[in-house]
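Hello,

Here is the structure I promised to pass on to you. Have a look at it first, and then read my notes on the salt bridges below.

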Amino acid sequence: MPILVQKKTKALLATKFALPIIAVLGLFIMILIVKLQPNMQHEPAASLITAVNYVEVQSHVIAPEIVGFGVVKPDVSLQAKAEVSGRITYIHPKLKKGEIFEKDTLLLTIDDKDYLLQLKQAQADLLVNKANLQEMTLTIENNKLELDLALEKLSVRETEYARMLKLIKTGVVSKSSLNSEKQNLLKQKQEVQQLKNKKTTLPSTLEVMKAQLDISKAKLEKSQRDIVRTKIFMPFEGRISEVYTELNQYVSAGGLSSSGLLFDAFSLNKVIINAQFPLDQFRLFAQNFNSQAFANNESSPSMKKVLQSLGLSVMVEDPSGYFKPWSAKVERFSNNLDAKSRTVGIMVSVTDSYKNVLPGTRPPLLEGMYMKIVLAAKPKEMLTIPRFALHNDEIFTVNEQKKLTRISLGKLQYHGDLLLIDPKTSSAIKLQDKVITSDVFPAVEGMLVSPILDKNVTNTMALWLKNKSRTDSKVGANL
């Protein structure tokens, strides 16, 4: 039977009506399937809500800080040179590199025999010039007396000559007697003139002798100073950094010659650090300065007054964190801006770092040490946010509708792991705003979030700020 059906089917498919029949049948089946399908119902998709951690913006009294770096240099450096020439006759047995000496310690002595001879010669010249000056003073006084006497004699001669002129008319006096009296009158006039000329020239001679006396005094003083210069003392409490001379070595006086170098030393009581701060960060930090410090009537106010009014405090720290910090003081601002690094230089000083040494904890500050400088302004009310919550100058907050809001911050001040915002200059962030501390990707403006208080970050910030605020309050009270 099946074989018969197969034969009939093949015969039917071989006819010319088979293909249209199959096409109509397939179309009918397809329409039937579509009609029998149930109607589709569209259901609204559930909104995606992202869970985020947050902390509330808090206000604290805190001192804004800025961090810079600089190299330690001694406040006073000395390159001692010989001021007189001679042979080294004494050298301190401990005059070596690295040795520390008290002020006024005798370190070197130069042979002073030649300078003692010069001193004796200068003393002798001074005595001679003093004697010459006294003699000239007496000569001037004698000249005055002689001139007065000569003038009196001249007056007598003139009277006598006038009397004889009257008598010669009567024939009582001969003409030869009159001529003799005239010669005496002329001689007396000549004597008076000579004394007057001498009176004119003697004062200038006296001034020359006075100048010679001053020269003798100067030579004597120089000889005395040269003898003093043969002994070289430590001018301050300091440390030797280099020694250039030895016993019995001949040294030349001063100049640029290396043969005159004796030793190098630096003071111990103070070191200076030229701390460099980024210009952009320092510009924001400077907004915390007291503007009244620069608003005065003085044309050139002293740097000391300006710095006192700014109320800055400084701590010098080891960048590696191995040692305890050093308390420092702002000395002055640098006179220029570094053209390469675009940094602002501030000179800070640390005093008595050698006296406040704690072995293994706080060593002395040595020349060349690279240090971290933390510059702090007066404590003030600031809004605090964790620094890691910042994303490319933006922070993410949760608004009242529990939606994510992106806020761009233009003026950023960093304080360690915190971001400080001055409430007086920023209106984008307010007290008790919820700042997201967890990573959100993608952070879409207006997306719904489920905020969860970040207790770990909140407690850490509270503890750190409590200790920091107490410290800053003490600093502010001492300023």
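**Salt bridges in the model**

Aspartate 226 is buried, with a relative accessible area of 2%. Please keep in mind that this is a predicted model.

Which residue does aspartate 226 pair with in a salt bridge? The partner is arginine 229, and the closest N and O atoms of the two are 3.1 Å apart. Both residues sit in helix H4, three residues apart, so about one helical turn separates them.

Arginine 229 also meets glutamate 83 in a salt bridge between their side chains, at 3.5 Å from N to O. Here the partners come from parts that are 146 residues apart in sequence, because arginine 229 lies in helix H4 (residues 175-229) and glutamate 83 in the loop between strand E4 (77-81) and strand E5 (86-91). Arginine 229 is partly exposed, at 23% relative accessible area, whereas glutamate 83 is exposed, at 53%.

Now for another pair. Glutamate 331 forms a salt bridge with lysine 270, with 3.5 Å between the closest N and O atoms. This pair links distant parts of the chain, 61 residues apart: glutamate 331 is in strand E14 (residues 326-337) and lysine 270 is in strand E12 (residues 270-278). Glutamate 331 counts as partly exposed, with a relative accessibility of 22%.

How many salt bridges does the structure hold? There are ten, and the pairs described above are among them.

Happy exploring!

How values were computed
Residues are numbered from 1 along each chain as its sequence is written. This is a predicted model: local features need pLDDT of at least 70, side-chain atom pairs count only at pLDDT 80 or more; totals for chains, interfaces and linings use all residues. Side-chain values use heavy atoms; hydrogens and water are left out. A salt bridge is a side-chain nitrogen of Lys or Arg within 4 Å of a carboxyl oxygen of Asp or Glu. Helices (H or I, at least four residues) and strands (E, at least two) are DSSP runs, numbered from the N terminus. Buried means under 20% relative accessible area, exposed over 50%, partly exposed in between (1.4 Å probe, protein chains only).
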